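Here is a short briefing for a first look at this structure. Keep the model open beside the text.

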Amino acid sequence: MSAAEGISGTNPGDDSILPFQLDRAGMRGRVVRLDRTLDAILSQHDYPAPVAALVSEAALLTALIGQAVKLRWRFSLQIRGEGAIRLIATDYFAPEQEGEPARMRAWAGFDAEALAADAPAFAQIGAGVMGVTIDQGPDMIPYQGLTPLVGSSLSASMETYFAQSEQIATRFAVTAALAEAPGEAPAWRGGGVMIQQMPGEGGIAPDAPGGEDGLMSAEDVAGMEGREEDWSRVAILLSTVETHELVGPLVPAENLLVRLFHEEGPRVWPPQAVRFGCTCSADRVEGALAGFSAEEIAEMTTPEGHVAADCQFCGARYRLDPAAFAAGAGR
C-alpha cells in the first residue's frame with residue numbers, strides 16, 4: 001500500500017511501529033512512536049536527564065529492530081560501560097499471537113555520585129560494549145552479537161554493528177522529549193526512523209574500512225554493492241527530519257514518510273502496536289531462588305522472615321516465604 005494513500009488503524013500518538021519499503025532505492029525501514037510505553041518505562045524510576053536520554057534511545061532502537069523478530073521471540077539490548085552509566089538493558093517481547101501488541105521494558109544502572117548532569121550522556125558510559133540477543137524460545141540457543149561502543153551515540157554503535165557483523169547498511173534517527181500538552185501533566189514521548197539497504201548480491205569488502213577503529217561503516221557496505229548513490233541520497237533525506245516530526249503527535253507516521261521519501265516510492269505495512277510489559281512474577285522469582293543453597297537462602301532472609309526481591313524493570317516488590325522454595329534449595 002502506498003503511504004500516500006494512508007493506512008487504517010494508526011492515529012497520532014499511538015504506540016506503534018510502522019514497517020515500510022522504499023522501492024526506488026531498494027530499502028526497507030520502520031517508523032516508531034513510543035509515548036505511553038516510553039513514559040511507563042521512565043516513570044518507574046527518577047532517572048537523571050543523561051540516564052533518561054540513553055534509556056529512551058536504547059528503547060527506541062530496540063523497538064525499531066525488534067519489530068522484525070517472529071512471534072513469541074525476544075529481542076534484547078544490553079549496554080555495559082566503565083563510566084558513571086554502567087548498564088542499560090532493554091527487552092522487546094514479540095506478540096504471542098497475530099494482532100496482539102508487542103511488549104517492551106528497559107532499565108539502567110548508574111553511579112549517581114559520578115554522574116555529571118551537564119555532560120554529554122553517551123560519554124558517561126565510558127569504554128564499553130553493546131550486546132544483542134535474539135531469543136527464539138526454549139528449544140533454541142539464543143543468538144548473541146557484540147559490538148564496541150563507537151561514535152557519539154548508541155545509534156552510531158548500532159549502525160556499526162549492522163555494518164560490521166551483518167553487512168547491512170543502516171541508519172537511525174531517534175529522539176525523545178518530556179512533552180507537556182495544554183492541561184496535561186508532562187509525559188515522555190519518543191520517536192524514530194530506521195532505514196536499511198535490502199540485501200543484494202554482496203561484494204568485496206574495502207581494504208581500509210572507513211568506520212571508527214577500523215570497523216566497517218554503512219557507506220562501506222553500500223559501496224561493496226555499488227549502491228553508494230542510493231544510500232547517500234536516502235541518508236541525506238533522513239537527516240532532514242526534525243524533532244517534532246519524530247516524536248509527534250501532530251505528524252502521523254505515514255505522513256512523515258511522504259514528507260521525507262515521497263520520491264522514493266514508500267509503501268507501508270500494517271503497524272505493530274506496542275505496550276509497556278514486564279515478565280516478572282512471584283513464580284519466576286521463586287524459580288530463580290530455588291537454585292540457591294539453603295545457606296545462601298538463609299543469608300538472604302530478612303529479620304522479618306522473608307526473602308525480598310525487587311524487579312528493576314517494573315518496580316514490582318516481592319516478599320517471599322523461604323519455605324516456599326526450601327525444598328529446591330536444600331542441597
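Buried means under 20% relative accessible area, exposed means over 50%, and partly exposed lies in between (1.4 Å probe, protein chains only). Helices (H or I, at least four residues) and strands (E, at least two) are DSSP runs, numbered from the N terminus. The model is predicted: local features need pLDDT of at least 70, side-chain atom pairs count only at pLDDT 80 or more, and totals for chains, interfaces and linings use all residues. Residues are numbered from 1 along each chain as its sequence is written, and side-chain values use heavy atoms, with hydrogens and water left out.

**Confidence**
- The protein chain has an average pLDDT (the predictor's confidence in each residue, from 0 to 100) of 87.
- A score of at least 70 is reached by 90% of the residues.
- Residues 2-13 fall below 50. Beyond near neighbours in sequence, this stretch has 26 contacts (heavy atoms within 4.5 Å) in the model.

**Helix 2**
- Helix 2 covers residues 49-66, 18 residues in total.
- From first C-alpha to last it reaches 25 Å, close to the expected 26 Å. The expected span is 1.5 Å times one less than the number of residues.
- Helix 2 is largely enclosed by the rest of the structure, because 16 of its 18 residues are buried.

**The largest pocket**
- Helix 3 gives the most, with 3 residues.
- Strand 2 (27-34), strand 6 (128-135), helix 3 (154-166) and strand 9 (187-197) each supply at least two.
- The lining has 12 nonpolar, 1 polar and 4 charged residues. Ala, Val, Leu, Ile, Met, Phe, Trp, Tyr, Cys and Pro count as nonpolar, Asp, Glu, Lys and Arg as charged, and the others, Gly among them, as polar.

- Glu245 sits in helix 6 (residues 243-247). Glu245 is buried, at 8% relative accessible area.
- Beyond neighbours within four places in sequence, Glu245 touches Arg33, Thr240, Val251, Leu256 and Arg259.
- Pro186 lies in the loop between strand 8 (170-179) and strand 9. Pro186 is partly exposed, at 44% relative accessibility.
- Pro186 and Asp39 are 147 residues apart in sequence, yet 9.5 Å apart in space, C-alpha to C-alpha.
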